Structures are given as structure tokens and as C-alpha cells.
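Here are my notes on this one, written for someone opening it for the first time. Have a look at the model, then read the points alongside it.

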Amino acid sequence: MNTDQAPSAGFVDFKKVKSSVGMLQVLDRYKLTETFKRNGDRLSGPCPIHKGKNPTAFRVSLDKNCFNCFGSCGRGGNVIDFVALMEEVDFRKAALLLQEWFMDGGVPDDTKRAEQRATKARPPEQPAPAADHEPVASDADGSANPPLTFELKTLDATHRYLEERGLNPEAIERFGLGYCNRGMLRGHIAIPIHNRDGQLVAYAGRWPGEPPEGNSKYKFPKGFHKSMEIFNLHRALQEEEALPLVIVEGFFDCFALWQAGIAKCVALMGSSISAEQERLLCEVLAPDGSIEILFDNDEAGTHGADQLLDRLGPIVTTRIIHLPEGIRQPDDLHPDDIAEVFA
Ligand SMILES: [Zn+2]
């Protein structure tokens, strides 16, 4: 690729946009820096995407150049994702806008980004305050999740919620699920999360049903970086190499696919892929791997699938699988229909 050429209509270098434009510049353009609080290389404020009121729900890491919402929209990603969501345009259009706004017709304004980097200073560990009903995992930070030094042993694998979600005892056992009645996950279904080497790094908690008002469906432990892991990757990697890796959004999609006989499946634990997840996937898949994306049948899912196609499409064979009309998420499908979707 000739990066010196002037951008013709439609030419966009995603990588260059991501590395040259800083979140701070973008926030500034939306006049958000005035309302946001800054702490070292982190910023927090109310989420401008879902227009929430919680003053710390939306977090930005200038160092990682990414954002995450810990409130109701749960969106996260890089500068391009942010603009795509703010402008309600696709990933490509958002990148073009960023080029136009900050890169002077394709020439990155390196000075600004350098200035931004220079002003960041790491204060001693001082996590941003979080509302107590929200997951407090700081995804904006890129450090590895250490393996847990304990295991929850008294989970109730017969809880009716698991059955209500259509899980059979084999799936419950395989994924180590169960209702937890003590500790931080009290009142939640515990879902063990492992890193790619199979080490247990966290338990996610799923509220068994619709959560009471003001609570989220999922709870993650404080300090856990969801963006650093891909759920079920350690098991999926044991499947046949020639098979495509199926990527879904949620835990329960992954369980449903396993029950339908599709074991080589992982979940991103959200609808957008993080830089670390992208790196992990490239590492395990390149050069001959292939992926199949089966995301939810909604706006976030469609955007997330396009984003994955953009990021991984140039590296591995990528196929987007569409859910039948009227089906919202893979986990709503009958096992027999799941196989059919892939046919
Ligand atoms: Zn939000």
C-alpha cells in the first residue's frame, strides 16, 4: 500500500487512523473534555453514546487509546468505533471522518498525538470510582488478568435458571456453571472464565432472570479486564485445526452452540472486539485459520460483526453467518436450527 498517496474518495487506512488520532482529540471535538474528569491517562464521564447520567460509566484510556462504557450500552473500542457510534455511521465512514477532521487529508497530525502522550503521567494505582451496581472491571487498562488462587466449589448446578435457558447437565458441567449463594457473586449464576492457557482468571456473575432495576445482568470482579480474554478459547483450541472458529457475543450463545455440536466456539463477552482480543485471535488463527461470525440480530451485533470483518477479514478467511428473521440471538435458536444456520 502506498501510504504517501493523497486519499482518493473512499481510501482509508484504518490502522493509520487508529494510531494517529487520539481519544483526547476526539473527545475534545465533541466538547466532552470539559465534563470529563481526568486522572493520569484515564478519563471518565457520563456515557455520550447512550446519553447516561452516571458520571463514571464511560471510561477512556489515553494510553491504550480506547473507551469503554460500563453502563447500559456497554459499548467499547477505539477512536473509529467511537465516532461510528456517535455519528451513527459505519466503521469505514467513521474512519473517513477522522481522516478528514484530524489528518489533514490523510496526513496524520503527529504532533497532537505526541503532545497527548507526553502529558499522560501514571499516578500510583488509583482506580476511578465506580457506581456499585455496575461492573467495575476496568477494560481500559491493558494488564493481564492473574490466575485466581481459589475456585468456587459449592455452586448449585441444578438451579432452575440454567434449565430455563435450555442448558443440559452436560453443558452445565462442561462449562462449570452454577448458582452461587455466597461472596461477591451471591445470588448470581457463576460462569468461570479462563485465559487461553486454561488458567481460571475470573468468574462472571449472571443475574438469574431480569435483574432488578438499576442492576446489570452481568457482574465482573473488580480489577478483571474482560477485554483481555476470549471466553472458551482454551477449549476451542483443542478442536480440529481445520474447522473454522465460530465467534459469538455472549456466554449463553457459546453454551447453545456447544449443545448443538459446535464446540469450536468462543465468545467476545460483548459485541465489539478489543485490541487484545484481536491480537489473540490473529495469533491463534494466522495464517491458515478461518472464522465464522454469528452475532446478535440487532444494531450492536451488526456493527460488531462488520468491525470484526474489517479487522480480521484481511488476515483470515472470514464468513458472517446471519440469523433467521425474527431470531434475536443464537441462543434463541433450537439446537437443530443452529446446525442449519451454518449449513
Ligand atoms: Zn454507554
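Which helices and strands do the buried residues of helix 10 pack against?

1. Ground rules. This is a predicted model, in which local features need pLDDT of at least 70 and side-chain atom pairs count only at pLDDT 80 or more, while totals for chains, interfaces and linings use all residues. Residues are numbered from 1 along each chain as its sequence is written, and side-chain values use heavy atoms, with hydrogens and water left out.

2. The overall picture. The protein chain has 12 helices and 13 strands; these are DSSP runs numbered from the N terminus, with helices being H or I of at least four residues and strands being E of at least two. Of its 343 residues, 50% count as buried. Here buried is under 20% relative accessible area, exposed is over 50%, and partly exposed is in between, using a 1.4 Å probe and protein chains only. Take the contacts (heavy atoms within 4.5 Å) between residues at least 6 apart in sequence: 61% of them join residues at least 24 apart.

3. Helix 10. This helix covers residues 275-285, and its buried residues are Gln 277, Glu 278, Leu 280, Leu 281, Cys 282 and Leu 285. Back to the opening question: they pack against helix 1 (14-20), helix 8, strand 10, strand 12 (290-293) and helix 11 (299-312).

4. The zinc site. Cys 47 (SG), His 50 (ND1), Cys 69 (SG) and Cys 73 (SG) coordinate the zinc ion at 1.9 to 2.3 Å. Donors are N, O and S atoms within 2.8 Å of the metal (3.2 Å for Na, K and Ca), and water is not among the atoms, so sites may look incomplete. The angles among the four donor atoms run from 98 to 117°, and the site is tetrahedral, a label given to four donors if all angles lie between 85 and 135 degrees. Along the chain the donors follow the spacing C-x2-H-x18-C-x3-C. His 50 lies in the loop between strand 2 (42-45) and strand 3 (58-61) and Cys 69 in strand 4 (residues 66-69), so this pair ties together parts 19 residues apart in sequence. His 50 is partly exposed at 26% relative accessibility, whereas Cys 69 is buried at 5%.

5. Aromatic pairs. The count comes to 19, where rings of Phe, Tyr and Trp (its six-membered ring) pair if their centres lie within 6.5 Å, with planes under 30 degrees apart called stacked, over 60 edge-to-face and the rest tilted. Phe 220 and Phe 224 are a stacked pair, 6.0 Å centre to centre with 20° between the planes. Phe 220 is buried at 7% relative accessibility, and Phe 224 is buried at 3%. Phe 231 and Phe 255 make an edge-to-face pair, with 6.0 Å between centres and 75° between planes. Phe 231 sits in the loop between strand 9 (218-219) and helix 8 (233-236) and Phe 255 in helix 9 (residues 251-259), so that pair ties together parts 24 residues apart in sequence. Ring pairs also link a cluster, whose members include Tyr 161, Phe 175, Tyr 218 and Trp 258.

6. The nonpolar core. Such a core is a set of buried Ala, Val, Leu, Ile, Met, Phe, Trp, Tyr and Cys residues joined through side-chain atoms within 4.5 Å. The largest one has 35 residues, and Ile 193, Phe 231, Phe 251, Phe 255, Leu 257 and Leu 294 touch the most other members. Helix 9 gives the largest share of this core, six residues.

7. Two lysines to check. Most residues other than glycine have a negative phi. Lys 31, though, has a positive phi of about 55°; its place is in the loop between helix 2 (23-29) and strand 1 (37-39), and it is exposed at 55% relative accessibility. For Lys 51, phi is also positive, near 55°. Lys 51 is in the loop between strand 2 and strand 3 and is exposed at 65%.

Conventions:
Tetrahedral: all angles 85-135°; square planar, octahedral: opposite > 155°, others 65-115°.
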